[in-house]
Amino acid sequence: MKILIVTVAGMSSRFSQSLGHSCLKCLYYENHIEDSLLYTMLHQDRTFDYYVIVGGFMYDDLKAAIEEEFKEFGDKILLVKNEHYADYGSGYSLYLGLREIEDKDYDEVIFAEGDLYVDPKSFGEIYDHVGNVITCNTEPILASKAVAFYYDKDYAIHYIYDTAHSILEINEPFQGIFNSGQIWKFADADKLKKVVQSIPEREWRGTNLVLIQEYFGSLSKSEYDIITFAKWVNCNTISDYRKCIKMREGQ
């Protein structure tokens, strides 16, 4: 059983500011719903047994759109509400998504942040890959928007991110640094469940990197692979969104 978790609970503050009014950016489009980030992510050329969508900000709009525009998925969509979207970090949305499937007999989980555009070919490589996957992209690593990861002198992986979008710091020697593609594949269901259970509830209030670090940080470099996206956009502003559309049309 394959499950996709997409988290879209955030308040979209930078996107709304660039647009001039409040907006749930995963559903934003200028012509058709098919141009929205959420529609694009769920309609990759691969299918899942369940699609877990965790919302929060403008939740009623999300629920209405799912019921009206995503009917073809039927009961494969599991919609989860994060009541703490405004006061907890992104980790809590991921926690709720994982808790939603804790009774499912799944084999693997792909987790994708909900404000991304990725090219279908690269997403297909993640889906088809046998084993754990982390992703990266070729964009510059900027503290204002990047989730980064680096290898220390022993090739252990470390994720870094600044919630204030100000400064990234590495206080030790390192082998290399990469811009994360913010999509991960967990191919060991038993390990994932154990890691989820091992993290104290209060730590889920931080970023989703708490789980990412705990899971992948405990693996050797040979126990996962890196897939680099050919096309990738982290959609923070309306100009980012329009870049997504141009990329998709140019496929």
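1. Helices (H or I, at least four residues) and strands (E, at least two) are DSSP runs, numbered from the N terminus. Leu 142 sits in the loop between strand 6 (132-137) and strand 7 (148-152). At 42% relative accessibility, Leu 142 counts as partly exposed; buried means under 20% relative accessible area, exposed over 50%, and partly exposed in between (1.4 Å probe, protein chains only). Leu 142 and Leu 168 are 26 residues apart along the chain, and 8.2 Å separates their C-alpha atoms.

2. A word on the basis of this note. This is a predicted model, in which local features need pLDDT of at least 70 and side-chain atom pairs count only at pLDDT 80 or more, while totals for chains, interfaces and linings use all residues. Residues are numbered from 1 along each chain as its sequence is written, and side-chain values use heavy atoms, with hydrogens and water left out.

3. Start with the cores. A nonpolar core is a set of buried Ala, Val, Leu, Ile, Met, Phe, Trp, Tyr and Cys residues joined through side-chain atoms within 4.5 Å. The largest one has 38 residues, and Phe 186, Leu 211 and Phe 216 touch the most other members. A second, separate core holds 33 residues, including Cys 26, Phe 48, Ile 126 and Ile 227. In soluble globular proteins, nonpolar side chains tend to be buried together.

4. Which residues does Phe 186 contact, leaving aside its neighbours within four places in sequence? Among them are Asp 107, Glu 108, Val 109, Phe 111, Asn 132 and Leu 192. Leu 211, Ile 212, Tyr 215 and Phe 216 are also in contact with Phe 186. Contact means heavy atoms within 4.5 Å.

5. Now the aromatic rings. Rings of Phe, Tyr and Trp (its six-membered ring) pair if their centres lie within 6.5 Å; planes under 30 degrees apart count as stacked, over 60 as edge-to-face and the rest as tilted. By this rule there are 24 aromatic pairs. Phe 111 and Trp 184 are stacked, because their ring centres are 5.7 Å apart and their planes are at 10°. Phe 111 belongs to strand 4 (residues 108-113) and Trp 184 to strand 10 (residues 183-186), so this pair ties together parts 73 residues apart in sequence. Both Phe 111 and Trp 184 are buried.

6. Tyr 151 and Phe 178 pair edge-to-face, at 5.9 Å centre to centre with 80° between the planes. This pair links distant parts of the chain: Tyr 151 is in strand 7 and Phe 178 in strand 9, 27 residues apart. Tyr 151 is buried at 3% relative accessibility, whereas Phe 178 is partly exposed at 28%.

7. One aromatic cluster is formed by Tyr 39, Phe 48, Tyr 51, Phe 70, Phe 73, Phe 123 and Tyr 127. Lys 2 lies over the face of Tyr 127, 4.8 Å from the ring centre. The charged end of Lys 191 sits over the ring of Tyr 215, at 5.7 Å from its centre. A charge sits over a ring if NZ of Lys or CZ of Arg is within 6 Å of the ring centre and within 35 degrees of the ring normal.

8. How many disulfides does a search of the whole structure find? It finds zero; a disulfide is a pair of cysteine sulfur atoms within 2.5 Å. The sulfur of Cys 26 is 8.5 Å from the closest cysteine sulfur, that of Cys 23, which is too far for a bond. For Cys 136, the nearest cysteine sulfur belongs to Cys 244, 18 Å away. Cys 26 is buried at 3% relative accessibility, and Cys 136 is buried at 5%.

9. Two backbone angles deserve a look. Ser 12 is not a glycine, yet has a positive phi of about 55°. Ser 12 lies in the loop between strand 1 (2-7) and helix 1 (13-19), and is buried at 11% relative accessibility. His 165, also not a glycine, has a positive phi of about 55°. The loop of His 165 runs between strand 8 (157-160) and strand 9 (174-180), and His 165 is partly exposed at 26%.

10. Last, helix 8 (residues 238-249). Its twelve residues should span 16 Å at 1.5 Å a residue, and the end C-alpha atoms are 17 Å apart, which agrees. The expected span is 1.5 Å times one less than the number of residues. Ile 238, Asp 240, Tyr 241, Cys 244, Ile 245 and Met 247 of helix 8 are buried. Their cover includes helix 1, helix 2 (37-42), strand 5 (116-118) and strand 12 (232-234).
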